[in-house]
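Welcome! Let us walk through this structure together, one question at a time.

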Amino acid sequence: MKIIPARPGDVDKLLAFREEAAAWLTRLGIDQWQRPYPADRLLATIRNGTVFMVLDGDTTAATITLTPEAEQGLWATRELDEPSMFINKLTVARTHAGQNLGGRLLDWAGDRAYRAGAKWLRLDAWTTNAALQRYYLRQGFTHVRTVTEGGAVNGGPRVSGWLAQRRTAPAEHGFVDVAPRPPSWPARSVACTREPRVDLRFSDHAGDKGEL
């Protein structure tokens with residue numbers, strides 16, 4: 001399998017990933033990602049060069065976004081001053097479930113962040129999804145805190161505010177990485193304002209089987 005940067009023409013394919021994940025989550029009784037994800041926002045992220053896809057032959061098996069940008073209101077100023085990169089929209093196709101692609105992608109992200117000079121690999125997970133949180137803990141992340149206020153819609157509760165991090169490090173992830181070399185970590189992570197995230201972060205670890 002190889003990792004490539006997503007292209008603008010992949011928008012429909014990646015949105016289909018989200019729809020597949022949302023439908024699967026609904027069957028599990030989980031309310032995550034029920035709002036449609038705006039295609040223009042995904043396209044802008046792709047054009048920023050932060051969206052990546054795992055190809056198994058001609059089949060897209062997984063996707064992940066790795067960015068130096070942090071969502072506004074989640075991380076403290078002192079934390080943003082630390083070299084960090086942030087993951088979101090980690091998704092594995094149901095056809096490739098149970099092969100630990102998620103764990104390998106997290107290793108790839110940690111390796112890429114390390115080569116960019118980042119100290120921390122960070123994420124914010126769905127606040128009420130305890131199974132997802134346990135998954136990240138098993139992957140070596142440490143819970144930092146849970147932010148429940150300050151959602152972008154009418155200032156309501158934040159739906160994705162379970163913050164976790166783990167140290168970056170070189171890793172043998174097993175992918176053929178054809179993505180361009182990552183830029184060096186900027187002097188400060190750029191905070192951005194977004195609506196509550198309805199992303200693709202997983203399609204295989206909403207349950208508690210411990211394997212992605």
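Q: Which strand is joined to β5 by four bridges and runs parallel to β5?
A: Strands here are DSSP runs of E with at least two residues, helices are runs of H or I with at least four, and both are numbered from the N terminus. Two strands count as paired if DSSP finds at least two bridges between them. With four bridges and a parallel run, the partner of β5 is strand β6, residues 120-125.

Q: What is the hand of the β-α-β crossover from β5 through α4 to β6?
A: A crossover is called right-handed if, with the strands pointing away from the viewer, the path from the first strand over the helix to the second runs clockwise. Here the chain leaves β5, passes through α4 and reaches β6, and the crossover is right-handed.

Q: Where do these coordinates come from, and what is the average pLDDT of the protein chain?
A: This is a predicted model, in which local features need pLDDT of at least 70 and side-chain atom pairs count only at pLDDT 80 or more, while totals for chains, interfaces and linings use all residues. Residues are numbered from 1 along each chain as its sequence is written, and side-chain values use heavy atoms, with hydrogens and water left out. pLDDT is the predictor's confidence in each residue, from 0 to 100. In this chain 74% of the residues score at least 70, and the average is 79.

Q: Which residue in β5 is the bridge partner of Thr 67?
A: Strands of a sheet pair through backbone hydrogen bonds, either parallel or antiparallel. Strand β3 (residues 59-67) pairs with β5 in the antiparallel sense, over five bridges. In β5, the partner of Thr 67 is Phe 86.

Q: Why is β5 described as largely enclosed by the rest of the structure?
A: Buried means under 20% relative accessible area, exposed means over 50%, and partly exposed lies in between, using a 1.4 Å probe and protein chains only. Strand β5 is largely enclosed because its buried residues number nine of the nine.

Q: Is Lys 89 buried or exposed?
A: Lys 89 belongs to strand β5, residues 84-92. Its phi is near 55 degrees, a positive value in a residue other than glycine. With a relative accessibility of 7%, Lys 89 counts as buried.

Q: Which strand is joined to β6 by six bridges?
A: The two strands run antiparallel. One of the bridges links Ala 125 with Trp 162. The strand joined to β6 is β8, residues 162-167.

Q: How far apart are the C-alpha atoms of Gly 161 and Trp 126?
A: Gly 161 lies in the loop between β7 and β8, and is buried, with a relative accessible area of 0%. Leaving out residues up to four places away in sequence, Gly 161 touches several residues, including Leu 74 and Ala 125. Gly 161 and Trp 126 are 35 residues apart along the chain, yet their C-alpha atoms are separated by 6.4 Å.

Q: Which elements do the buried residues of α5 pack against?
A: Helix α5 covers residues 130-138, and its buried residues are Ala 131, Leu 132, Gln 133, Tyr 135 and Tyr 136. They pack against β5, α4, β6 and β8.

Q: Which residues form one aromatic cluster?
A: Rings of Phe, Tyr and Trp (its six-membered ring) pair if their centres lie within 6.5 Å; planes under 30 degrees apart count as stacked, over 60 as edge-to-face and the rest as tilted. Tyr 135 and Tyr 136 pair edge-to-face, at 5.5 Å centre to centre and 70 degrees between the planes. Tyr 136 and Phe 141 also form an edge-to-face pair, at 5.6 Å and 75 degrees. The cluster consists of Tyr 135, Tyr 136 and Phe 141.

Terms used: Contact = heavy atoms within 4.5 Å.
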